[in-house]
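Subject: Structure for you to look at

Hello,

I am passing on the structure below, with notes on what was found in it. Please read them with the model open.

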Amino acid sequence: MPQTEAQTAVATKFPSKKPLIISGPCSAETEEQLLATCTQLAATGRVDMLRAGIWKPRTKPGMFEGIGTKGLPWLQKARQLTGLPTTVEVATPKHVEDALAFEVDVLWIGARTTVNPFSVQALADALRGVQVPVFIKNPVHPDLELWLGAVERLAKAGVKDIGLIHRGFASYGNTEYRNAPMWHLPIEMRRRLPDLPLICDPSHICGNRTGLAAVAQQSIDLGFDGLMLESHIDPDNAWSDAKQQVTPQRLAELLDGLIWRQETTDQQEFLTVLAQLREQINQLDDEILHLLGQRMQVAESIGRYKKENDITILQTSRWNEILERGIRKGDQLGLTADFIRKYFDAVHLESINRQNSVMNK
């Protein structure tokens with residue numbers, strides 16, 4: 001596969017530490033609150049970078065939209081007190097200018113900004129000639145090309161140190177998560193841009209404290225390079241996103257409870273067994289693809305027969321029969337109903353496309 005512009009333009013050299021742990025309050029509220037939180041986080045010895053929301057894009061007017069530029073000197077002081085680098089979200093060229101004026105070490109582009117190419121381009125233009133690392137959060141809705149496009153815009157502007165943050169995606173009616181993780185999307189992003197650091201933001205995925213550890217562990221198991229977790233000295237009384245923040249002490253406990261896995265090993269026995277199992281997967285995949293090819297040939301034959309007899313392509317009762325039968329059979333084989341539905345949806349769509357092609361030759 002030919003490399004994209006982003007793949008050839010970006011040769012990131014940050015972060016050097018893995019896992020990278022970023023933490024701090026959702027919002028900088030007061031100087032006392034920010035400094036107390038940051039010093040307690042530094043005291044845990046587990047945090048590598050301090051974050052704080054200075055400007056907060058909110059869904060509705062009248063909500064707390066961040067303390068604004070006057071919070072940047074507080075963050076600068078936290079940096080001086082702890083010796084830890086800092087990072088803030090920027091959404092406009094003026095945000096970039098102000099953040100850099102107060103020595104913010106790393107910037108990040110939020111999900112509500114990534115979704116807008118005009119806004120991303122304005123930030124890219126503001127960053128032209130400025131060598132500051134930039135993380136890019138995934139766009140609010142599940143559009144991989146927008147995420148990739150943001151990387152390419154920054155790369156074309158000359159930004160070399162680019163990282164990715166997975167914070168989940170908005171989905172209508174979702175209840176388990178504030179933002180559904182849709183793990184296949186960051187996995188695909190990692191496949192396309194393997195050299196870019198990718199960290200997970202469980203706070204925004206969960207929207208609550210109870211799910212943080214499970215989401216963090218899953219991201220670690222998938223080989224993510226770090227975590228961004230929100231922390232506040234008094235989470236219940238936070239001015240924004242109170243339910244998803246934890247105290248610095250609780251953050252340290254959460255991190256201590258995680259199992260940090262390595263990507264590979266040099267143990268020959270492990271590598272030999274893994275290679276054998278992967279070869280089994282390859283053979284099974286070949287058999288599945290062969291059977292799917294045969295299935296589509298049968299679907300085309302059905303399409304020709306329907307055409308000869310002026311019968312519509314879609315037979316709802318038959319589709320329901322296939323789906324119900326598949327779910328029952330899948331349950332016997334230990335396959336979830338959700339997986340079976342997704343599988344048959346894809347197969348059914350391809351079958352319809354094949355029959356449609358036959359019908360309209």
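Leucine 20 stands opposite glycine 226 in E8. Two strands count as paired if DSSP finds at least two bridges between them; helices (H or I, at least four residues) and strands (E, at least two) are DSSP runs, numbered from the N terminus.

This is a predicted model, in which local features need pLDDT of at least 70 and side-chain atom pairs 80 or more, while totals for chains, interfaces and linings use all residues. Residues are numbered from 1 along each chain as its sequence is written, and side-chain values use heavy atoms, without hydrogens and water.

The pairing of E1 with E8 belongs to a closed barrel of eight strands, E1-E2-E3-E4-E5-E6-E7-E8, with parallel pairing. From one strand to the next, the twist averages 30 degrees. Helix H11 (residues 248-256) lies across E1 and E8, at about 150 degrees to E8. Here contact means heavy atoms within 4.5 Å; axes are lines fitted to C-alpha atoms, for helices over the stretch in contact, and angles run from 0 to 180 degrees between N-to-C directions.

Asparagine 179 is in the loop between strand E6 (162-166) and helix H8 (184-192). Asparagine 179 counts as buried because its relative accessibility is 7%, buried being under 20% relative accessible area (1.4 Å probe, protein chains only). Its side chain reaches the backbone oxygen of histidine 204 at 2.7 Å.

Regards

Note on methods. Buried < 20%, exposed > 50% of the residue type's maximum accessible area, 1.4 Å probe, protein only. Polar contact = N/O pair within 3.5 Å; in protein donor to acceptor, adjacent residues only side chain to side chain.
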